[in-house]
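Subject: Structure handover

Hello,

Here is the structure I said I would pass on. My notes on what was found in it follow below.

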Amino acid sequence: MSRIASVLIPMPLPEAFDYAEPEGMDLAPGDQVAVPLGPRLIRGVVTGIRDGHGGNRPLKPVAERLDDPPLPPGTVEFVQWAARYAVDVPGQPLAIALRGARAPKPRPQRLVRLTGTHPARATPARAKVLEAAAGSDGLSAADLARAAGVSAGVVKGLIDEGVLALHEVVAEAAFDPPDLARRGSDLNASQAAAADVLKAMATEGGFGVALLDGVTGSGKTEVYLEAAAAALAADPEAQVLILLPEIALTQAVIARVGQRFGAAPGEWHSDVAPPGRRRVWEAVAAGRCRIVVGARSALFLPFRKLRLIVVDEEHDSSFKQEEGFIYHARDLAVARGKIEDAAVILASATPSLESLRNAETGRYRWVRLAGRHGAAGLPDIELIDLRETPPEAGRWLSPPLIAAMAETYARGEQTLLFLNRRGYAPLVLCKACGERMTAPDTESWLVEHRYTGRLVCHLTGFSMPKPAACPHCGAKDSLVSIGPGVERVEEEARALFPEARIAVFSSDTVFDAREARRLVESMAAGDIDILVATQAAAKGHNFPKLTLVGVVDADLGLRGGDLRAAERTYQLLAQATGRAGRRDRPGRALLQTYAPEHAVMQALKAQDRDAFVEAEMAEREMAGLPPFGRLAAVIASGPDAAQLDAFCRTMAQAAPNTPGVEVYGPADAPLGLVRGRRRKRFLVRADRGVDLSAYMAAWRARVRPPGAIRLAIDIDPYSF
Ligand code: ADP
């Protein structure tokens, strides 16, 4: 009987394609294969096998089963589930799942080894080489020459003579097994109680979600590492995934995993070079890599036996992927846990309202830690009313903040100045004609970066040198920088404290994991006095000598019409201020604000999370917004405004009429023009009981956008 294989291809195609299984290939779901698509052979994954043949038109055969490891069933199911949830085609999440498999293999190394042949001629230099080669496990020719302290020619001569031979070795990904005999810290009573609950969840098997809720420094990391240790000890094949929202944070947790288990975990994020990705991917698929620490896309790795997923800083909006395949990693982590029958731990000092709601209603286990570990108290939080004590004209630090910085510096302690804005100034404006500088055909402002002397669009990546004259009216020296970014605050801090060691931590200054680790280490070692940072550094780290946090613009996140503006500002500032004070040193946080009476500022000052959450929940409940209702957005974009408007009218009419679902729009999207494309948006609100993904899929199926128009569906939109 001939068989048909459905093969999913990692491209934005509407469905899996059928191919004939060649005699004797004996395919199974999950296998990686090469199949013909048009004129090319392309990698795909078998998702199903059934008896039959192609009917009248014979199917093209699968060209080859690839040598690469198959995707485990849980990964295939997860990819398909994720596509349905995100109302996208499964080829999109599959492309993420195959990122490691498609990366080039690490290049083989050519190593030198002794053949046993004696050299025809002995010299002191040759003797040194032979000695070094005998004492080594295999070195490249250049390394051997270096080790022996001789020139490369000597080694080459011995190779030519056949005394040494070259052989190619592909280093197999060696992931040392975690040392499970090692013990973690002695837990305090509250930590031990929390760890017991989580360990039971992680070892008993079966799906379950826990919200691990405790202030910064309460020991959440310490506790979830105990749960990880228990999961790994309970089953020699068990694997653990720890997700972090930022690359800088992955570095800190990788170091802690290394200390706890005496072995480095697999590292997975956009900064890992392709051969490294391939190494981790294959080791995860083979079960050799048992702990992975990574960013959101690590969820798509081919785990064989995933027993525990930790989402650390679960409230963080960086878990939302906004481009390409649009998903929220926290939601998908819970889904993957369900598919794999694994435990899921969501950890945060400021949990999302979604997770708090799930904890309140008992869907998640609510595991709380009491206060900071040891003697460390929470910082004092004070509001600086900028209306009363403004900074000098053209400056951004107010006198009370400067005074606190001076005291801190005099005591030899550290200050963190937090401003969630990259670059030097968020706006460049011509004082002659009023023109605001933007990227071509895009609505958002160009941000001035002084380190590079360029104006940069943070949305599209467009950049240009800062012009000497206004491109609009031609006036010379008329461009002025409006507002502060971290570079400008650094400039001010340098002027105020010329002796101090000052560094900037933002994604522009810290563009890779190594640089992040270096800065975090020098901060921890006390080699920096003042760190000016965006959110890239304001989360999760422990800096023992950091006692003052100054928030330059506490109101920044409150502007704009985002549903989560207040929640997010609260979370971000609670995180940033939570960096102050550790162990024996009390901390202090000063928030510069024009709105000290705002509920967010009051809650931060009183350190009363519950009051803030209660008020925010009440508002959301009244409006039927998440976590009490569901939201989705559709962004339609196209180059031609009239065509886009016409299509949006058709789209509005096509919206299915379903009880419990309301469709709003179309309206201009928050960014109405990007790279010459106009953008319109529909917002959809639904009651909790509605399957919103199914609704959106049904809606989309009713419209046929013209070729120039693109539709993107965003389940649970964040940026609006
Ligand atoms: P969180 O993840 O909640 O911010 P951490 O786990 O990072 O907290 O703990 C904060 C600091 O306190 C870390 O330096 C950690 O090593 C230390 N710590 C926490 N609990 C203990 C403990 N039981 N014994 C010793 N040190 C601890």
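Please keep in mind that this is a predicted model. I start with a pair of helices. Helix 17 (residues 565–577) and helix 18 (residues 599–606) have axes that come within 10 Å and cross at roughly 30°. Because angles under 35 degrees count as roughly parallel, helix 17 is roughly parallel to helix 18. The crossing of the two is right-handed.

On the side of helix 17, the residues that meet helix 18 are A566, T569, Y570, L573, A574 and T577. Their partners in helix 18 are A599, V600, A603 and L604. By type, the residues of this contact are eight nonpolar and two polar, with no charged ones.

Helix 17 also holds Q571. Q571 has 25 other C-beta atoms within 10 Å, and is therefore buried. Leaving out residues up to four places away in sequence, Q571 touches H315 and T350. Between Q571 and L604 there are 9.5 Å from C-alpha to C-alpha, although the two are 33 residues apart in sequence.

An unreviewed UniProt entry lists C457 under "binding site". In the model, C457 sits in the loop that runs between strand 21 (454–456) and strand 22 (463–465). Is C457 buried or exposed? With 21 other C-beta atoms within 10 Å, C457 is buried, since the cut-off for that is 20 or more. Apart from neighbours within four places in sequence, the contacts of C457 are A439, T442, S444, L446, F462 and S463.

Regards

Conventions
Residues numbered from 1 in each chain as written. Predicted model: local features only at pLDDT ≥ 70, side-chain atom pairs only at ≥ 80, totals over all residues. UniProt positions renumbered as here; feature names shortened; annotations may be inferred. Helix = DSSP H or I, 4+ residues; strand = E, 2+ residues; numbered from the N terminus. Buried ≥ 20, exposed ≤ 12 C-beta atoms within 10 Å, placed from the backbone. Contact = placed C-beta atoms within 7 Å. Axes fitted to C-alpha atoms, helices over the stretch in contact; angles between N-to-C directions. Parallel < 35°, antiparallel > 145°, perpendicular 65-115°, else oblique. Left-handed = near helix turned anticlockwise from the far one by under 90°. Nonpolar A, V, L, I, M, F, W, Y, C, P; charged D, E, K, R; others polar.
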